[in-house]
Amino acid sequence: MRITDMQRCEVRPGRLVEWTLSPATVEAAARLPEDSRPPAYIQESHIRTVRSVREGGLFVPTWVGAAFDIPGRVDLDTLQDALRSWTLRHETLRSGFRWSGESGDEMRRFTLDADAVFLHREVVGDFSDPAELTQHLQDRFDVTADALCWPNFLYAAVVRDDSTSVYLAFDHSNVDSYSIQRLPADVHELYTAAVEGRRVEQTSPGSYVDFCEIERADADRIDATHEVVARWRDFIRRCDGKLPHFPLDLGLVPGGKLPTQRLMNEMLVGADDAAAFEAYCRPFGGGAVGVLAATSLIAHQLGGQSVYRTVVPFHTRVKSRWSDSVGWYVGGAPLEVPLARAADFPSALRAVQGELRANRSLARVPLARVLRLLGADFRPTSPDLYSIVSYVDARGLPGSERWAELSVYGLMRVSYGDQACVWLNRLHEGVWFACRYPDTDIAYKNMSRYAERLRDVIVSVAREQRLAERKPEPVSVG
């Protein structure tokens, strides 16, 4: 799935149709009693951050979503049934939060039963100008898929005679990248099966709401003396009391306003170079390890860093019951690569491999819980608490072989932020690079240089791997 924004996902003219939860569903939710299952720490941190930034006078949309095409003339009733069926499978989409307590600062969950959830369809109108339609969709998602309201998602379709483009946007508290990347195939299958008169045999996915309760209970059992907390404390101390920023200058003024951001995205390398690079890195853990090793070298070459520090995202779907579930199953682990001992790519690979083996388990304890136990002043002022470099091999996901054919995109909202976040998706066609970064001349220059150096490393390693594969075996004589 190519990660992009609304402006770059091939929005084409047509008749716009939208689906939201019905007024009766919203009214029923308002009367619901409290659901005792708490928010996940990552959900609570996200929503509190959005509220804090909003109270500071800045509206920062944080939705993510997906776009894909359905070929041919669509049956809107059947599509609506497919969207409702998909929604009902995932309990987090019918669950939300209210502020309560004496101070109005406690988050309390409510959750609708599946039989109380219905979609309301509205035909918005015909759009002939792609730019106008794009802006309308973005504006609607900004207002509707908002962390501080409920429901906080919106479905839309742009209907044409030959095809229909479907757009789905969610506040990030409901979904992660894996959820978004599974979505097109799941909805496609529900729709196609209904059109063809087939039943879809699906097991019920685990509930993210249940996961939140389990993960939070586990996290609340640890205290400030726990080894995980101690290791994070030491890491943050070596980061000068902060979580790590991207290792290149982003041209930001200390204490300045939260800057607007820009998006950079492109196909970084093709399938052949991606495959050879992964083959070289496989003994060390694969492409994700290779990208982090390359980034550590680039941090030294371009940023003069003696140690590369970052937080590496890991999924927390540690049990099979969560594998098909929609939710935000992500944790983070610290990574620290001393570049004096990792001066070339092979040694950087070994260093990253060792760090990930030692630290990956830390991602199972929510970072928001750790920070609370540390007692440090990490008052959120930005949607991103730290920078990331993420690499995901998406080729095994259902329907990924048809993503290009069906114009499948992962959508992110690029608005405000003082971090640089990089996502690399391994597709059948190659490695897709996407980066959200502060809109400064220095950040543009350095992130462009980073992308170019990263491409150079991947291509160089791939060339070395191909040469090694072609090297003839020695012939024994005797």
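This is a predicted model: local features need pLDDT of at least 70, side-chain atom pairs count only at pLDDT 80 or more; totals for chains, interfaces and linings use all residues.
Let me begin with a definition: a residue counts as buried under 20% relative accessible area, as exposed over 50%, and as partly exposed in between, with a 1.4 Å probe and protein chains only. By that rule C421, at 2% relative accessibility, is buried, and C239 is buried as well, with a relative accessible area of 13%.

Residues are numbered from 1 along each chain as its sequence is written, and side-chain values use heavy atoms, with hydrogens and water left out.

Staying with the cysteines, a disulfide is taken as a pair of cysteine sulfur atoms within 2.5 Å, and the structure holds 0 of them. C239 is in no disulfide, and the nearest cysteine sulfur, which belongs to C421, is 15 Å away.

Now to the strands, where helices (H or I, at least four residues) and strands (E, at least two) are DSSP runs numbered from the N terminus. Strand β8, residues 163–171, has 9 of its 9 residues buried, so it is largely enclosed by the rest of the structure. Both of its faces are covered, with S163, S165, Y167, A169 and D171 on one side and T164, V166, L168 and F170 on the other. Two strands pair if DSSP finds at least two bridges between them, and β8 runs antiparallel to β3, to which 9 bridges join it, with A67 standing opposite Y167. Strand β7, residues 153–159, is also antiparallel to β8, through 7 bridges; β7 and β8 form a hairpin with 3 residues between them, and F153 stands opposite F170.

That brings me to the aromatic rings. Rings of Phe, Tyr and Trp (its six-membered ring) pair if their centres lie within 6.5 Å, and planes under 30 degrees apart count as stacked, over 60 as edge-to-face and the rest as tilted. How many aromatic pairs does a search of the whole structure find? There are 16. One of them is W63 with F141, which is edge-to-face at 5.1 Å centre to centre, with 70 degrees between the planes. This pair links distant parts of the chain, since W63 is in strand β3 (residues 63–71) and F141 in helix α4 (residues 130–144), 78 residues apart. Both W63 and F141 are buried. F433 and Y450 make a tilted pair, at 6.3 Å centre to centre and 45 degrees between the planes. F433 lies in strand β15 (residues 430–438) and Y450 in helix α12 (residues 441–470), so this pair ties together parts that are 17 residues apart in sequence.

Ring pairs also link W86, F153, Y155 and F170 into a cluster. A nonpolar core here is a set of buried Ala, Val, Leu, Ile, Met, Phe, Trp, Tyr and Cys residues joined through side-chain atoms within 4.5 Å. The largest such core has 67 residues, of which L79, W86, Y155, F170 and W232 touch the most other members. Apart from it lies another core, of 51 residues, including V269, Y280, V289 and L339.
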